[in-house]
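Please walk through the structure shown below, one region at a time.

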Amino acid sequence: MDPNYNPQDIEAKWQKRWAEEKLFATEAEPGRPKYYVLEMLPYPSGDIHMGHVRNYSIGDALARYMGMKGFNILHPIGWDAFGLPAENAAIKHQRHPSEFTFSYIDRMRGQLQRLGVSYDWRREIATCVPEYYRWNQWFFLKMYERGLAYRKQSRVNWCPQCETVLANEQVVDGCCWRHEDTPVIERDLEQWFLKITDYAEQLLDDMKQMVRWPERVLTMQQNWIGKSVGTLVDFTVDDLWKPLRIFTTRVDTIFGCTAVFLAPDHPLVEMLLANSKEPTRLRAEVERIKFSSIQARVEADLAKVGADTGFTARNPYNGESVPIWLANFVLMEYGTGAIMAVPAHDERDYEFCTGYGLPVRTVIVPEGAAANAEANAPLHAMVDYGRLVDSGPYTGLKSEEAIVRMTRDAEANGFGKGTVQYRIKDWGISRQRYWGTPIPMIYCETDGIVPVPENQLPVVLPPDVKLTGQGRSPLANVPEFVNTTCPKCGKPARRETDTMDTFMDSSWYFYRYTDPTIATAPINKEAVKYWFPVDQYIGGIEHAILHLIYMRFFTKVMRDIGLVDFDEPVARLFTQGMVIKDGSKMSKSKGNVVDPTQLFAKYGADTTRLYILFAAPPENDLEWSDSGVEGAFRFLGRVYRMVAKHADKLQGVGAGNLTAQERASLTPEERRLVRKAHQTLRRVTEDMEERWHFNTDISDAMKLVNELTDFDAAAEAGTIRPAILKTALEFLVTILSLFAPHVADELWEGLGHSEPLLKASWPAFDAELAAEDELEYPVQINGKLRARIQVAASAGEEEVRAKALADEKVIQHLAGLRVVKVIVVPQKLVSIVAR
Ligand SMILES: [Zn+2]
Ligand SMILES: [Zn+2]
């Protein structure tokens with residue numbers, strides 16, 4: 001072997017070999033156990049970044065490990081290729097978005113291949129081609145048939161710069177996430193929605209099946225879905241005789257209600273304005289609260305502001321009239337857009353009411369407390385359940401009983417009812433953009449909304465379009481696209497010109513990998529049956545709510561239309577941490593980006609991968625260190641030179657399991673080396689099965705390298721048998737192949753193997769060989785450490801006890817005392833009690 005480590009040559013050589021041998025190409029093999037490793041598909045932004053490198057290095061380590069364990073591996077990659085950035089670049093440079101997209105894909109594909117990830121490139125997909133997005137349209141039509149896709153007027157966040165609708169998550173400090181100094185405005189638009197709310201209960205319920213998802217992600221999804229069981233209660237607006245319906249989860253506190261809060265865009269507001277004695281003041285207040293409410297939507301800690309409308313509403317439980325206020329934190333989209341204010345028993349109401357001088361009235365006291373409703377105004381809201389006081393006929397009841405009784409009474413008296421509310425809203429998918437999937441709908445003057453017949457799919461994006469970044473949907477400016485004929489009556493009609501949210505594309509892409517070219521259906525049921533569920537999905541925590549909820553919703557719809565026969569697509573989820581440099585996430589705008597391709601050129605892909613897995617546990621954030629990269633490079637050089645030095649003479653030597661005779665005849669030195677090798681293998685194997693602390697796996701490998709270096713002289717002098725040395729080196733190289741696969745294959749070949757490591761099996765550790773010969777026990781006398789003893793690892797409790805009592809130091813300390821008790825904690829310590 002070449003005595004010097006030359007990563008550029010080694011990596012080029014193995015990438016070529018892997019491609020020629022189609023090492024990563026897999027097919028379904030019914031009957032053979034499979035493992036589907038999936039990393040979130042990247043947006044083709046032009047260059048891979050360190051976050052990608054981390055994501056894919058984690059996935060690759062797992063794919064290679066499971067591959068060597070004998071599983072049939074599916075490890076695909078593709079491109080989330082529609083979206084705003086390419087369109088914005090196209091507007092800027094007056095070129096077509098597809099030019100940018102495909103050139104970026106080519107560049108990033110090259111970079112991923114240079115990284116040497118074990119992808120089956122034959123399965124690559126791009127979501128922006130009609131062969132793919134026609135199935136988005138097909139899914140849309142299926143949902144429309146089932147009443148799951150519908151159109152409604154809705155109020156949206158609108159960025160005047162992007163000229164598009166923004167999701168709440170895209171509004172930062174009241175401004176656009178891309179245009180930090182452009183305040184978001186509100187607009188009313190006709191939009192297409194998918195009825196994800198129909199699945200809210202299932203999305204919650206099926207979390208029971210997601211036992212291998214991070215608790216944190218499940219909690220975030222639960223909060224996003226936001227189920228609350230409560231009561232609808234109809235107040236009556238005084239003088240106007242108009243019902244005002246509020247939603248509360250705590251009807252037991254309603255005798256403590258001292259105001260009603262309205263969302264500023266509540267439909268009743270117009271009526272209040274029309275009847276107000278001071279309409280000018282009220283109009284101004286409404287506008288002020290409206291503006292503040294846009295901000296409050298996205299900032300939980302924004303100051304609570306409100307305004308008195310001058311009207312009152314009557315509480316049907318006690319007939320009392322309370323003032324109606326506008327409040328910036330009450331959202332029209334949640335509940336009924338109106339809530340009762342119970343400052344004594346809700347923190348937010350407390351903050352608001354004490355700030356505005358509204359009364360605070362206690363109606364719940366802790367269980368067992370003196371029932372003294374005349375108590376002074378509390379300093380905080382008492383939000384717990386307790387016993388009702390000063391609550392008319394319900395006084396004395398426990399909260400739980402009161403909620404049931406009071407809800408029942410509301411129903412009986414016709415002023416309310418029990419209900420379940422969700423925070424999650426239907427998924428608005430309309431985008432006034434070009435670079436997305438056209439929504440397959442037609443508007444006819446006679447027939448209204450008419451779906452495009454399935455056999456006319458795909459509705460293809462017209463290639464010639466002028467993108468200006470101004471005004472309405474770009475497709476509306478393409479007459480050849482817009483003007484069509486009605487499928488029903490054949491008369492001239494107009495196409496929908498909005499395109500779909502790109503989250504549609506990523507909601508089912510991972511099914512397509514199992515048969516990426518199937519043209520007759522979105523997915524190949526047989527292939528899906530074999531490969532699903534995804535065994536391991538890996539990506540950033542930032543996708544916890546949107547993508548990871550939408551893909552679950554899609555799977556349930558696919559199940560209901562008979563495409564799949566399971567509820568959940570992903571068995572296990574892993575969320576990796578961010579890559580940080582100089583205290584913040586690497587980003588172009590912060591100027592703290594380390595370009596992976598420069599590292600490939602300087603150190604090689606193996607060093608980059610090894611470093612990124614060594615620098616931190618994969619779920620933690622990773623603080624970048626240039627000297628750490630240097631260290632990883634030096635380590636690989638050291639391993640390379642050490643193995644290369646022995647490789648030639650070990651080529652023809654057999655390795656692997658020791659015979660009984662070899663086992664019996666191990667010299668102490670050999671025993672030590674064998675033990676260390678099996679211990680390292682054991683630790684890495686156990687870790688790969690559960691925790692993925694690649695950083696400790698790599699440091700274990702480093703310790704093994706140190707150990708092997710200590711044996712160098714003995715190995716060269718021939719006092720260690722070659723087969724034993726070779727086994728230890730092979731363990732090391734096999735472990736290394738998870739993190740630095742190119743150099744590992746080079747060394748594996750140097751040790752005499754003709755096929756890449758992925759075709760070898762992961763070696764089994766031998767627990768007996770890995771066991772320590774002796775264990776050290778600290779010995780305490782009356783709680784004080786007095787001695788340390790060495791005992792054979794196989795020794796029983798009795799033997800440990802005897803050895804402790806026979807120890808010279810122990811005997812000295814026991815002089816003149818009587819031993820009362822000896823406690824042996826196996827493998828831990830001996831504790832002696834003496835008087
Ligand atoms: Zn914007
Ligand atoms: Zn028609």
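**Spaces inside the chain**

Two helices, α20 (668-690) and α23 (722-736), each contribute at least two residues to the lining of the second largest cavity. Of the two, α23 gives the largest share, with 5 residues. Across the whole structure, a search finds 3 cavities of 30 Å³ or more. The model is a predicted one, and the values given here are computed from it.

The second largest pocket holds about 340 Å³ of space. Helix α2 gives the most, with 4 residues. In total 24 residues line the second largest pocket, and those nearest its centre are Leu-23, Thr-26, Phe-71, Ile-73 and Leu-758. Both kinds of space are found by one approach: rolling a probe the size of a water molecule over the atoms shows where empty space is left.

**The chain as a whole**

How many helices and strands does the chain have? There are 27 helices and 34 strands. The C-alpha atoms fill a box of roughly 105 × 85 × 50 Å, taken along the principal axes. The chain has 835 residues, of which 55% count as buried.

Helix α8 (residues 268-275) shows how burial is arranged within one element. Its buried residues are Leu-268, Val-269, Leu-272 and Leu-273. Viewed down the axis of α8, these buried residues fall within an arc of 140°, so they line one face of the helix.

Another helix, α24 (residues 741-750), contains Pro-741. This proline is buried, with a relative accessible area of 1%. Pro-741 and Glu-707 are 34 residues apart along the chain, and their C-alpha atoms are separated by 22 Å.

**The zinc site and the cysteines**

Which residues coordinate the zinc ion (ligand 2)? The donors are Cys-444 (SG), Asp-447 (OD), Cys-486 (SG) and Cys-489 (SG), at 1.9 to 2.3 Å. The angles among these 4 donor atoms run from 104 to 118°, and the site is tetrahedral. Along the chain the donors of this zinc ion follow the spacing C-x2-D-x38-C-x2-C. The pair Cys-444 and Cys-489 links distant parts of the chain, 45 residues apart: Cys-444 belongs to strand β21 (residues 441-444), and Cys-489 to the loop between β23 (483-485) and β24 (492-495). Cys-444 counts as buried at 7% relative accessibility, whereas Cys-489, at 32%, counts as partly exposed.

What about disulfides? A search of the whole structure finds 0 of them. Cys-257 illustrates this: its closest cysteine sulfur is that of Cys-353, and at 8.9 Å the two are too far apart for a bond. A disulfide would need the sulfur atoms within 2.5 Å. Cys-257 counts as buried at 1% relative accessibility, and Cys-353 is buried as well, with a relative accessible area of 0%.

**Backbone features in loops**

Most residues other than glycine have a negative phi, and most peptide bonds are trans. The following places depart from that pattern. A cis peptide bond, with omega about 0°, joins Leu-457 and Pro-458. Pro-458 lies in the loop between β22 (448-451) and α12 (479-482). Another cis peptide bond joins Phe-532 and Pro-533, where omega is again about 0°. The loop that holds Pro-533 runs between α14 (525-531) and β26 (536-540).

Which phi values are positive? Asp-239 is not a glycine, yet has a positive phi of about 70°. Asp-239 sits in the loop between β10 (228-237) and β11 (242-248), and is exposed, with a relative accessible area of 69%. For Asp-390, also a residue other than glycine, phi is positive and near 50°. The loop between β17 (387-388) and α11 (399-413) is the place of Asp-390, which counts as partly exposed at 43% relative accessibility.

Notes
Residues numbered from 1 in each chain as written. Chains lettered and ligands numbered in written order. Predicted model: local features only at pLDDT ≥ 70, side-chain atom pairs only at ≥ 80, totals over all residues. Heavy atoms only, no water. Donors = N, O, S within 2.8 Å, 3.2 Å for Na, K, Ca; no water. Tetrahedral: all angles 85-135°; square planar, octahedral: opposite > 155°, others 65-115°. Buried < 20%, exposed > 50% of the residue type's maximum accessible area, 1.4 Å probe, protein only. Arc of directions from axis to C-beta. 1 Å grid on protein atoms, 1.4 Å probe; cavity = no way out; pocket = protein on both sides within 12 Å on 5 of 7 lines; lining within 4 Å. Points joined across faces, edges and corners; volume = space filled by probe spheres on them.
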